[in-house]
Amino acid sequence: MKRRGREKKEGLNEVDVFVGQRLRELRMLAGLSQSDVASALGLTFQQLQKYERGFNRVSSSRLFKLGQFFRVPVSVFFEGLENRQPAVEGGEAPAVGGGEEQENTLQSREALMLARYFQSIRDPQIRAAIRELAERCAEQQADGSAQSSGAAGGAPAPKRGRGRRAEQGGHA
């Protein structure tokens, strides 16, 4: 009887999936492919892919090496884990399901891409304008006044305009 590692029918471990998602986020923020990270760590890209999906558990020594590679403390791989709702024991991984979990994954991907683009902006005035725009948009969403408030509803349009002028070399 051949048995290697965890049995497939056991399901994915929620912590392994979470750590894998954090690994993927760090990799995407760095703008690296799975092959880039894998070769730097002496792995195959398939092995890294299994880590990111939670199919394989990342050992503590590998987590340490990953932390060094991304220049982050190992604790980064677990930040936010305590805030997640526990999955049904033996069930599928949270990211594999549909509905709200799938929407959260898409939002996470958008946030990662936005952060990556933001990091590449060197002009401090443009960065400040983008931060201010994002803050105002978030405040409107939190207040529920995106459509109802006349003054607040018109605020983002001028900000977008100033940001474009700043990108073209004008002043903000």
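1. A word on angles before anything else: under 35 degrees counts as roughly parallel, over 145 as roughly antiparallel, 65 to 115 as roughly perpendicular, and the rest as oblique. Each axis is a line fitted to C-alpha atoms, for helices over the stretch in contact, and angles run from 0 to 180 degrees between N-to-C directions. By that scale α1 and α4 are roughly parallel to each other, because their axes meet at an angle of about 20°. Those axes lie 11 Å apart.

2. Some ground rules. This is a predicted model, in which local features need pLDDT of at least 70 and side-chain atom pairs count only at pLDDT 80 or more, while totals for chains, interfaces and linings use all residues. Residues are numbered from 1 along each chain as its sequence is written, and side-chain values use heavy atoms, leaving out hydrogens and water.

3. How far can you trust the model? The score to watch is pLDDT, the predictor's confidence in each residue, from 0 to 100. The protein chain averages 74, and 63% of the residues score at least 70. Confidence is highest in α3, at 93, and lowest in helix α8 (residues 156-167), at a mean of 42. Two stretches stay under 50: residues 88-99, with 13 contacts beyond four places in sequence, and residues 149-172, with 18 such contacts.

4. The overall make-up is eight helices and zero strands. Here helices (H or I, at least four residues) and strands (E, at least two) are DSSP runs, numbered from the N terminus. Of the 172 residues, 27% count as buried, meaning under 20% relative accessible area, with exposed being over 50% and partly exposed in between (1.4 Å probe, protein chains only). Among contacts between residues at least 6 apart in sequence, 64% join residues at least 24 apart; contact means heavy atoms within 4.5 Å.

5. Back to α1 and α4. Their crossing is left-handed, a term for the near helix being turned anticlockwise from the far one by less than a right angle, with right-handed used if clockwise. Val19, Leu23, Leu26 and Arg27 in α1 meet Leu63, Leu66 and Phe70 in α4. These residues divide into six nonpolar, no polar and one charged. The classes are Ala, Val, Leu, Ile, Met, Phe, Trp, Tyr, Cys and Pro as nonpolar, Asp, Glu, Lys and Arg as charged, and the others, Gly among them, as polar.

6. Now compare α1 with α3. The axes of helix α1 (residues 14-29) and helix α3 (residues 45-53) come within 5 Å and cross at roughly 120°, which means α1 is oblique to α3. Asp16, Val17, Gly20, Gln21, Leu23, Arg24 and Arg27 of α1 make the contact with Leu48, Tyr51, Glu52 and Arg53 of α3. This contact has four nonpolar, two polar and five charged residues.

7. How does α2 sit against α4? Helix α2 (residues 34-41) packs on α4 at about 115°, with axes 11 Å apart, and that makes α2 roughly perpendicular to α4. The crossing is right-handed. Val37, Ala40 and Leu41 of α2 touch Arg62, Lys65, Leu66, Phe69 and Phe70 of α4, giving six nonpolar, no polar and two charged residues.

8. The C-alpha atoms of Lys65 and Leu41 are separated by 7.7 Å, although the two residues are 24 apart along the chain.
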